[in-house]
Amino acid sequence: MKIALPDAEGRMADYMLNGTPIAQAVLPANPARIVYSAAHVVADPFTANDPSGRAAVDWDKTMAFRRYLAGLGLGIAEAMDTAQRGMGLDWPGALELIRRTRAELPEALVGNGCGTDHLVPADAKTLDDVIRAYLEQVEAIQAVGGRIVLMASRALARVATSPEDYLHVYGRVLSACDQPVILHWLGEMFDPALAGYWGGADFDATLETVLAVIEQNLAKVDGIKMSLLDKDKEITLRRRLPAGVKMYTGDDFNYPELIEGDEQGFSHALLGIFDPLAPAAAFAVNRLAEGDKAGFRATLDPTVPLARTIFRAPTQYYKTGVVFLAWLNGFQDHFIMLNGHHAMRPLPYFTEVFRLADGSGLLRDPELAVRRMKSLLAVYGA
């Protein structure tokens, strides 16, 4: 099967599909690694709302995708940035998403993003403002029986003036959590408003602040998701975590190596790239459980160029590639996103994602993917 794809100058050349879809696999109840997929939401393409207005979600398709992930045995990281949290999906929409997932998949492994995104950062004047905002979301999520992923706060980044401010805020918020949470260290490549988080720009200093937060609230911390796209920094923190505290990699560039681990430990996973890579994640981690490290790497290593393309700078627009692949693979009938994010990458990005997804075995119905890719090319006049 082939398709004519344009280069950056619009010259068309035939591309011959060569990938073999990854074999179906389901993670058991106690997998070799805990795997969360940060799941996207499906926009309602028929809304009359402007892209800059209130988000309109296709709840049926959004929930169907979550059932698909749970059917593979993957955990779901709900209402995170992959779902365009704070980038199209506001707090009321996020809470509705959390409620629906909890009601529809009560037995699934789900962690729910908890932040301060209903507080406009410019309106945050004190640390107490930030604490109140966090606690409002903590209470709402726990009221529906949800577990928490404690997200980084743009408002806290704005008002905090020292590492001690972070220790104070996190201590207050964690004390209100009824189950251990996953902390989230999100780098500024994902959200420029988080520059200087944890009270400084120096990694060694901020590392000590993070460790102090964990050690002072040990009973309330299940683990930490680290999204700095720097494997050495993740390994440094992983090796210093207190016993029983898990590292969840958020490194969408180096995940195979980090999940496999080394003689001193390994990372679990909470990844946006495991939305489009869900079948590869399930198959690979099953291979790891069988002691087949080579099979694990043979499955995931070929996906890394795709992940690096999807998450290339400006990284905050990676969601466009995630939803593009969901459309190619038939999980939704359109390529429309909240806040108009489907327009945030150029055509060569989409053609490269198409090629790399094919080569990685991630086009589950190649004929459908080709038809949809041709329809996108037609919109661009190719």
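Student: Which charged end sits over the ring of Tyr 68?
Tutor: This is a predicted model. In it, the charged end of Arg 364 sits over the Tyr 68 ring, 5.9 Å from the ring centre.

Student: Over the face of which other ring does Arg 364 lie?
Tutor: Phe 331, where Arg 364 is at 3.9 Å from the ring centre.

Student: OK, on to ring pairs. How many aromatic pairs does the structure hold?
Tutor: There are 22 aromatic pairs. One of them is Phe 65 with Phe 331: the ring centres are 5.1 Å apart and the planes are at 80°, so this pair is edge-to-face.

Student: Which parts of the chain does that pair link?
Tutor: Distant ones, with the two residues 266 apart. Phe 65 is in helix H1 (residues 59-71), and Phe 331 is in the loop between helix H12 (318-328) and helix H13 (347-359).

Student: Are Phe 65 and Phe 331 buried or exposed?
Tutor: Both Phe 65 and Phe 331 are buried.

Student: And Phe 190 with Phe 311, what are the distance and angle there?
Tutor: It is 6.2 Å centre to centre with 70° between the planes, and the pair is edge-to-face. Phe 190 is in the loop between strand E7 (181-186) and helix H6 (203-216), while Phe 311 is in the loop between helix H11 (304-310) and H12, so to speak 121 residues along. Both Phe 190 and Phe 311 are buried.

Student: Which residues do ring pairs link into a cluster?
Tutor: Tyr 134, Tyr 166, Tyr 170, Trp 185, Tyr 197, Trp 198 and Phe 203.

Student: New topic. How many residues are in the largest nonpolar core, and which have the most contacts inside it?
Tutor: The largest nonpolar core has 124 residues, and Tyr 170, Phe 274 and Phe 354 have the most contacts inside it.

Student: What does Phe 354 touch?
Tutor: Leaving out residues up to four places away in sequence, Phe 354 touches Ile 3, Leu 5, Tyr 15, Leu 17, Phe 324, Leu 328, Leu 363, Ala 369, Val 370 and Met 373. Another core, of 9 residues, lies apart from the largest one and includes Val 149, Met 151, Tyr 248 and Leu 270.

Student: Which residues line the largest cavity?
Tutor: The lining includes Phe 190 and Phe 311, along with Ala 38, Met 80, Asp 81, Thr 82, Lys 225, Ser 227, Asp 252, Leu 270, Gly 272 and Tyr 318.

How values were computed: Residues are numbered from 1 along each chain as its sequence is written. This is a predicted model: local features need pLDDT of at least 70, side-chain atom pairs count only at pLDDT 80 or more; totals for chains, interfaces and linings use all residues. Side-chain values use heavy atoms; hydrogens and water are left out. Rings of Phe, Tyr and Trp (its six-membered ring) pair if their centres lie within 6.5 Å; planes under 30 degrees apart count as stacked, over 60 as edge-to-face and the rest as tilted. Helices (H or I, at least four residues) and strands (E, at least two) are DSSP runs, numbered from the N terminus. Buried means under 20% relative accessible area, exposed over 50%, partly exposed in between (1.4 Å probe, protein chains only). A charge sits over a ring if NZ of Lys or CZ of Arg is within 6 Å of the ring centre and within 35 degrees of the ring normal. A nonpolar core is a set of buried Ala, Val, Leu, Ile, Met, Phe, Trp, Tyr and Cys residues joined through side-chain atoms within 4.5 Å. Contact means heavy atoms within 4.5 Å. On a 1 Å grid over the protein atoms alone, a cavity is a set of points where a 1.4 Å probe fits but cannot get out, and a pocket is an open set with protein on both sides within 12 Å along at least five of seven lines; lining residues have an atom within 4 Å of a point.
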